[in-house]
Amino acid sequence: MTTTDTPPSPTLLTRDQQRVAAQLVYGASNQLIGREVNLAVFTVASHLAAARRKLNHPGSSRAVLTHALLTAREVPPPSSLGPAPEFTARDRQVIRAVAEHSLNTAIGDAIGVRADDVRAEIDAVVAKAGACNTVHLVGLGHAWGILSGDDVVAEHTLTEPVGAVR
């Protein structure tokens, strides 16, 4: 190795865990992931549990796990069929809350609604995004640059529509 060569970035996940996680960011169920990567559903669940532990998110929702996986760059974000919809600041707030909180009470606190009203708020943004579910919404949020690791960019883009897929 020469001095200009850089070694590959170390990853926390095993290759099999990454294969499972790469399917998760599209919002796939454990059953579908198992079919796609030729693993038993129990093994898929085991790989996702290991990923949660390795990323310090035990007990987290699948959406929070997806955000952690993408933030840590353990897997690439899902591909998108086009640019992001014209999300409002409220829509972006919902996307971020789903990515950061596992419980409806915490999501409700983050977006300023009762826990009973959280599902309706999330469902509206999932539909607007054309996502399969909340997990896929978080994946697309990363693909569109809404959930970037740069808080300055995230705050700045709250008032501007997202342009194109990264």
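**Close-up views of a predicted model**

The protein averages a pLDDT of 86, and 83% of the residues score at least 70; pLDDT is the predictor's confidence in each residue, from 0 to 100. This is a predicted model, in which local features need pLDDT of at least 70, side-chain atom pairs count only at pLDDT 80 or more, and totals for chains, interfaces and linings use all residues. Residues are numbered from 1 along each chain as its sequence is written, and side-chain values use heavy atoms, with hydrogens and water left out.

View A. Helix 3 covers residues 41–54; helices (H or I, at least four residues) and strands (E, at least two) are DSSP runs, numbered from the N terminus. V44, H47, L48, A50, A51 and R52 are the buried residues of helix 3, where buried means under 20% relative accessible area, exposed over 50%, and partly exposed in between (1.4 Å probe, protein chains only). Helix 1 (15–24), helix 2 and helix 4 are among the elements that cover these buried residues.

View B. N38 lies in the loop between helix 2 (30–37) and helix 3. Its phi is near 60°, a positive value in a residue other than glycine. N38 counts as exposed because its relative accessibility is 70%.

View C. The loop between helix 3 and helix 4 (62–71) contains N56. Just after helix 3, this residue takes a positive phi of about 60°, and N56 is a residue other than glycine. With a relative accessible area of 65%, N56 is exposed.

**View D. A63 and its contacts.** A63 belongs to helix 4. This residue counts as buried because its relative accessibility is 5%. Leaving aside residues up to four places away in sequence, A63 touches V98, A99, T134, V135 and V138; contact means heavy atoms within 4.5 Å. A63 and S102 are 39 residues apart in sequence, and their C-alpha atoms are 7.6 Å apart in space.

**View E. Residues 150–166.** Over residues 150–166, pLDDT stays under 50. For this segment the model has 24 contacts beyond four places in sequence.
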